[in-house]
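Subject: Structure handover

Hello,

Here is the structure for your files. My notes on it follow below.

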Amino acid sequence: MVLAFFWGMAEASLFFIVPDVLVSLVALRRGWHRGAMVALGAAFGALLGGAIMLAWASRDPAVAVAAVALVPNISDAMMAGARADLAARGVMALAVGGLSGVPYKIYAVEAPGLGLALPVLLATLPVRLARFLAVAAVAAGARRLLEGARLGPGAQTLVLLTFWLVFYLWFFRVMPE
């Protein structure tokens with residue numbers, strides 16, 4: 001859970017690999033309950049990381065936005081789209097963005113300039129926790145399916161890691177176009 005907390009905090013700021021990787025691995029190997037606990041740790045870490053990014057963007061928006069723009073696979077178009085979506089939908093943009101590949105950190109640095117720092121901060125925990133719990137549930141369900149297919153723990157882990165490898169190959173090739 002400690003690793004998940006720091007991973008969630010790092011990914012909410014400038015790290016670019018989602019905590020979903022760890023959440024799914026734990027849920028696959030240890031089951032739903034453990035996966036949910038790791039999801040909770042990642043969500044609280046995201047809350048702290050988001051608070052840091054919101055505070056930074058409140059004090060020095062140009063530098064905070066520029067730093068996030070340097071994160072691998074974040075484009076100017078993705079930044080502009082997230083800002084427009086946040087302006088139009090408010091905190092609902094966080095939920096949609098989290099499912100469409102738009103990193104949370106973009107919303108965190110754009111929110112203060114739109115007067116949405118507090119609403120984004122308040123929405124961070126429930127939005128991030130919901131996604132991480134969904135990942136834990138899917139991975140725990142996959143565990144049952146893979147066990148039914150008579151795959152042992154090592155093979156199950158290989159399937160999961162292959163999924164994440166394919167996901168990130170797609171993400172870095174297709175997104176943010």
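Which residue just after helix 6 takes a positive phi? That is Gly-101, with a phi of about 95°. Helices here are DSSP runs of H or I with at least four residues, strands are E runs of at least two, and both are numbered from the N terminus.

On provenance: this is a predicted model, where local features need pLDDT of at least 70, side-chain atom pairs count only at pLDDT 80 or more, and totals for chains, interfaces and linings use all residues. Residues are numbered from 1 along each chain as its sequence is written, and side-chain values use heavy atoms, with hydrogens and water left out.

Helix 6

Helix 6 spans residues 92-100, and its buried residues are Ala-93, Leu-94, Gly-97 and Gly-98. They sit on the same side of helix 6 because they cover an arc of only 130° around the axis, the arc being that of the directions from the helix axis to the C-beta atoms. Buried means under 20% relative accessible area, exposed means over 50%, and partly exposed is in between (1.4 Å probe, protein chains only). Met-92 and Leu-99 are exposed, on the face of helix 6 turned away from its buried side. The cover over the buried residues includes helix 5 (76-89), helix 7 (104-110) and helix 8 (117-148), with contact taken as heavy atoms within 4.5 Å.

Salt bridges

The structure holds 5 salt bridges, each defined as a side-chain nitrogen of Lys or Arg within 4 Å of a carboxyl oxygen of Asp or Glu. Three of the pairs are described here.

- Lys-105 and Glu-11 pair through their side chains at 3.6 Å, N to O. Lys-105 is in helix 7 and Glu-11 in helix 1 (residues 2-13), so the pair ties together parts that are 94 residues apart in sequence. Both Lys-105 and Glu-11 are buried.
- Arg-131 and Asp-20 form a salt bridge whose closest N and O atoms are 2.7 Å apart. This pair links distant parts of the chain, with Arg-131 in helix 8 and Asp-20 in helix 2 (residues 20-30), 111 residues apart. Both Arg-131 and Asp-20 are buried.
- Glu-110 and Arg-83 form a salt bridge, with 2.8 Å between the closest N and O atoms. Glu-110 lies in helix 7 and Arg-83 in helix 5, 27 residues apart. Glu-110 counts as buried because its relative accessibility is 7%, whereas Arg-83, at 34%, counts as partly exposed.

Finally, Glu-11 and Lys-105 also belong to a network of salt bridges that links them with Arg-128.

Regards
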